[in-house]
Amino acid sequence: MLVLLLVAVLTALITVNGAVAALVPVAVVMAMRVRLSPSQLLLPLAFAAHAGSLLTLSGSPVNVIASEFADDAGAGSFGYFSFALVGVPLVVGTIVIVVLFGERLLPDRPPRSGSRDFSQHARTLIHQYGLATDADLLTRSSGVAEVVVPPRSQLVGDAAFPGMVTPSGDLVVLAVQRKGEELTGETLLAVGDTLLLQGTWGALDEHLDDGEVLVVDEPELVRRQVPLGPGAKRALVVLASMVVLLATGAVPPAVAGLLAAGAIVIGRVQTIEQAYRGISWTTVVLVAGMIPLSTAMTDTGAAARLADVLVDLVGGSGPYALLFGLFLLTAALGQLVSNMATALIVIPIALETAKDLDVSARPVLMCVTVSAAAALFTPVATPANLMVMEPGGYRFSDYWKLGLPLLVHYGVVAVGLVPVFWRF
């Protein structure tokens, strides 16, 4: 319950993918410490993040898209916390379903990779390599990595000794071992030799990816379990400021996001290069490509024609049947393509159908938003679903078992609860 609540709240602030990426290592360590298989925890983590994305406007790009369409349709944009009217029931329902049925619906199998507890990593390395007990190996800015010299490496035959600086000038050799025995003087490296290297996390990432050495533990996995440092505090201040700007509506969402990103760089929390790497370019290109498609569907009359088909199907059954039809359409598409692409395809159809039935655009758009978040059946439905697949040891067929009761819950909220808060 605590983990699911944590990821839901964090998702409301930094979106689904960011929250899941940040908490997967934490959840793995927690599961291992209580002798629980990570497969019992990671899929609920991803699904709770989907529910948490509907707590605030900033929880998902789909929320922002729906709000913009509502404003363009003359119905007025959604407030920052207005999504919580459906988000809170979704989060609570997700937790209840996972607690009651999760143990039976989720697999109990060992993880495949990336699921180690590094809380004692520094102590292990100090003992392994006979280092000084006061060695500060792992900090927020720097760390260490064990590497092995593989066959055919260009390092074979090079001289190395403890304390030397590598040719790049960014890393320091703390220790060298051969067959478990420490080499104290200068030696020529041979295949199978082990080196302990120290440097900044950025330098470790840059220089250990050239194929000349085999990395024992990826620095990225170790770094995620290092306690927060001063940079994290500045990042939290920037995040809180962005939330205030979004909640008060002082500036448009895009401006608030850009101001926050600029503050992260100016405050030296991240370099410009790190900020560039942090951008999901797939998302940028996807939205940039799908918005013109969405506009074209409206301008060419394609959305109106599809809306007529939907109206014919629901007939005189009323607006609730319309919401049910939109839920089925959106949820089905959302299992195969991204929820953003799904929303941009379905929203024009939904607006045209609402116009034909003379109902408000707000409940229709909120129904589509809730339905788009119900991407629960496949690992390819969202990046968050895929993130937990390998560390949790999941198979493709594991997702729908827990996803099915949750999908029913999403349907009840989308069709039954949405009209309570946003009248037809």
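Biologist: Why does Thr194 count as buried?

Modeller: Buried means under 20% relative accessible area (exposed is over 50%, partly exposed in between, with a 1.4 Å probe and protein chains only). Thr194 has 17% relative accessibility, so Thr194 is buried. Bear in mind that this is a predicted model, where local features need pLDDT of at least 70, side-chain atom pairs count only at pLDDT 80 or more, and totals for chains, interfaces and linings use all residues. Numbering runs from 1 along each chain as its sequence is written, and side-chain values use heavy atoms, without hydrogens and water.

Biologist: Where is Thr194, and which residues does it touch?

Modeller: Thr194 belongs to strand β6, residues 194–200; a strand is a DSSP run of E of at least two residues, a helix one of H or I of at least four, numbered from the N terminus. Leaving out residues up to four places away in sequence, Thr194 touches Tyr129, Val147, Val148, Ala175, Val176 and Gln177, a contact being heavy atoms within 4.5 Å.

Biologist: How do you know that the span of α1 agrees with 1.5 Å a residue?

Modeller: The expected span is 1.5 Å times one less than the number of residues. The 13 residues of α1 should therefore span 18 Å, and the end C-alpha atoms are 18 Å apart, which agrees.

Biologist: Which residues of α1 and α5 are buried, and what do they pack against?

Modeller: In α1 they are Val3, Leu4, Val7, Ala8, Thr11 and Ala12, packing against α2 (16–33), α3 and α5. In α5 they include Val86, Leu90, Val91, Ile97 and Gly102, and the partners of its buried residues are α1 (2–14), α3 (42–52), α16 (361–372) and α19 (398–421). An α-helix has 3.6 residues a turn, so residues three or four places apart point the same way.

Biologist: What does the secondary structure of the protein chain come to, and how much counts as buried?

Modeller: There are 19 helices and seven strands, and 46% of the 424 residues count as buried. Taking contacts between residues at least 6 apart in sequence, 74% join residues at least 24 apart.
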